[in-house]
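Good morning, colleagues. Please bring up the sequence and the model, and I shall then go through the chains and their contacts.

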Amino acid sequence: MNAAFWILSAITVIGAVLAVTLRNLVHCVLSLILFFLGIAAHYFLLRADFIGAVQILIYIGAVAVLILFAIMLTHNVTGTEGPREVLGGKWWSGLATAGILGVVIWWAIYKDQIAAALPSNQKAQSSVLEIGRALMSEWVVPFEIMAVLLTAALIGAVVIALEEVMRRR
Amino acid sequence: MSIPLGHYLVLSGLLFVIGLCGALTRKNAIIVLIAIEIMFNAGILNLIVFWHYKEFAVLTAQMFTIFAISIAAAESAIGLALVIAIYRHYKSVDVDEMQSLKG
Amino acid sequence: METVYQLVAQCFAGKPAWLPLAIAIAVPILFIVAVFPGIFAYTTLVERKALGRVQNRYGPNRVGRWGILQPIADGVKILLKEDIVPRRADKFVHFLGPVSAVIPPLLLFSVVPVGPGLVPVNLNIGILFAFAVSTASVLALFMGGWASRNKFSLLGAMRAVAQVVSYEVPMVVAAVAVVMAAGSLATLDIVQAQGGGFLHVTNWFVLRPWGFVGFILFAIGAMAESGRTPFDIPEGESEIVAGYHTEYSGFKFALFQMGEYLATIAMAGITVTMFLGGYLGPGCDLPYVGVLISMFWFFVKLGAMICLNIWVRGTWPRLRVDQLMGFAWKILLPMSLINIVAVGLWHYMASKPLAWIVTAVWLLGWFMFLSKLNETEAIGKRTYRYAS
């Protein structure tokens, strides 16, 4: 079990590092998919089955495909640029900021004794039945608001990306 | 499984910092959106980690995660639609060139 | 897998602890790897002969009597072909495309029960896992089309992805109706919720009004997912050369075909599990021979679904892209949502005959309304203009 954690963490971190480092955009998206798979595997390891399946369904099935479509529609894939063309201006300040934040996070984790806690109850497992019941009884208002939000996002994305065609006509 | 909580927190912190590096460093707007997705996932992983380690019986963390994943997906859809619209106008997805607010 | 584990753990009581586990993992994997590609090979032969008969010709009948050895000949031929990769193609993604076309169907087989208790992995989110994995098969289309650096391939890939993503939605929503009726996402529970009728047949979900509509919606969605006619815009064949697998040759092309057929068989397996009663049939609860009879019934039903797929392929013409999208979003998706309401009505009605009548009227009424709403103009009499 511990070995599973280390292997999956290695896969996830490698996927994330490659996703922000590679020059060819399609390769970046493929390593992002590896990252999503690693996170989904972590969810399964943490006994949250439903969330793991939802992660695969939504992120790999929808968000990755969306990013690939956006890459196709903006024609900007090539992998032959050098580091000067890939990094934005003042990239060192971005790295410094991220480094400082990393140090702060490290300090916050190891400040108290919480970091040594072990898992509390290893037998219980979440069930989809309870999640469904909770979504319909206690959490029904956020659920409906989420439905409205997703509809608004759908219509908004279509309107934003459609503008040029309508104006040309 | 006997992984201390700190290891999971370090993992999600590391993923967050990697995403932040990518978002602040790269020039291509789509890679910035990819890095934002990485940051989102790192944060959501924290919720499930704390659910597993502390409050196994309560479902609040899973509800929060479902809603957070949905919102992340909606946000990435809108972000990518914006990138496509900007590409049509500026003919490039370089964040350094998008400097004026005039349409 | 658990039944295998228990059987093996009894035999190997004194041996090391990992041995029963290893055998319990290896046996289902070997079963899937040996049986389903074998079914794939002979499905290609049956399809070619059936399509030939529909088109008033014999299918392949040269290699062995009735063409029995044709799949083996095809396999040997394809393995010996030269593997051409376009010069400017993205080699890594070009390689990954066919591989990721085969992986999702193989993963789908792991939640299909072939007998009582005989499912490789008994997840309690079985159906959700099946849909998550079938969603991931979209990437193979995209990678195949992109890596070839060919405008036709890219166009084919975009249309294929749009088609697959559009037809997933009514398919999943139609399956939600089944999950509501069975009360669980685990495939074994869904099959067991269909048991107990007369001869174990009358309780199948396909014999209910909402189940019948759900079956049609799911079967159409499954045909569109794997890219079969009448939804084979991705393959093109006389439209856009060969779509997203234009630039593939040799074994990679064979892997794409294998992925498509395995997806058809896997989706047929899931349809059988959800609507046609899985492994249930007359005589499936006899003491010892019942297991074999259940497996027999499962494979008979799987064969029937595959033959339905082949029949539809030989008979119906291809849909145009805009017709395809309109069909998915304007007719199938509303019908699937209405189907969910029908399942709810069925569940909460007091008496059975009333439930039948109300559900059937609800579904029929909405279907006629939707088809009225989506009517295109009737094609009038042709008028000809001659040059004079």
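Into which domains is chain C divided? Chain C comprises domain 1 (1-80) and domain 2 (85-372), the bounds being taken from an automatic or database domain assignment. Before going further, I note that this is a predicted model, in which local features need pLDDT of at least 70 and side-chain atom pairs count only at pLDDT 80 or more, while totals for chains, interfaces and linings use all residues. Residues are numbered from 1 along each chain as its sequence is written, and chains are lettered from A and ligands numbered from 1 in the order in which they are written.

Let me stay with chain C. Its secondary structure consists of 13 helices and zero strands; helices here are DSSP runs of H or I with at least four residues, strands are runs of E with at least two, and both are numbered from the N terminus. Along its principal axes, the C-alpha atoms of chain C fill a box of roughly 90 × 60 × 40 Å. The radius of gyration of chain C is 23 Å, which agrees with the value near 21 Å that a compact globule of 388 residues would have. That quantity is taken over C-alpha atoms, and the globule rule is 2.2 Å times the number of residues to the power 0.38.

Of the 388 residues in chain C, 43% count as buried. A residue is buried if 20 or more other C-beta atoms, placed from the backbone, lie within 10 Å of its own. Of the contacts in chain C with a separation of 6 or more, 75% are between residues 24 or more positions apart. A contact requires the C-beta atoms of two residues, placed from the backbone, to lie within 7 Å.

How far apart are the centres of the two domains of chain C? Taken over C-alpha atoms, they are separated by 21 Å. Domain 1 of chain C brings 17 residues to the contact, and domain 2 of chain C brings 20 residues. On the domain 1 side, α1 (2-11), α2 (18-54) and α3 (70-79) of chain C give two or more residues. The largest share of that side comes from α2(C), with twelve residues. By class, the domain 1 side has twelve nonpolar, three polar and two charged residues. Here Ala, Val, Leu, Ile, Met, Phe, Trp, Tyr, Cys and Pro count as nonpolar, Asp, Glu, Lys and Arg as charged, and the others, Gly among them, as polar.

I turn now to the chain pairs. Two pairs of chains are in contact, and chains A and B share the most contacts. Chain B and chain C are joined by no contact, and their closest C-alpha atoms lie 15 Å apart.

Between chains A and C, the contact takes 14 residues from chain A and 18 residues from chain C. On the chain C side, α5 (126-135), α6 (138-147) and α7 (151-182) each supply at least two residues. Helix α5(C) gives the most, with five residues. That side of chain C divides into 16 nonpolar residues, one polar and one charged.

The contact of α1(A) with α1(B) has nine nonpolar, four polar and no charged residues.

Methods:
Buried ≥ 20, exposed ≤ 12 C-beta atoms within 10 Å, placed from the backbone.
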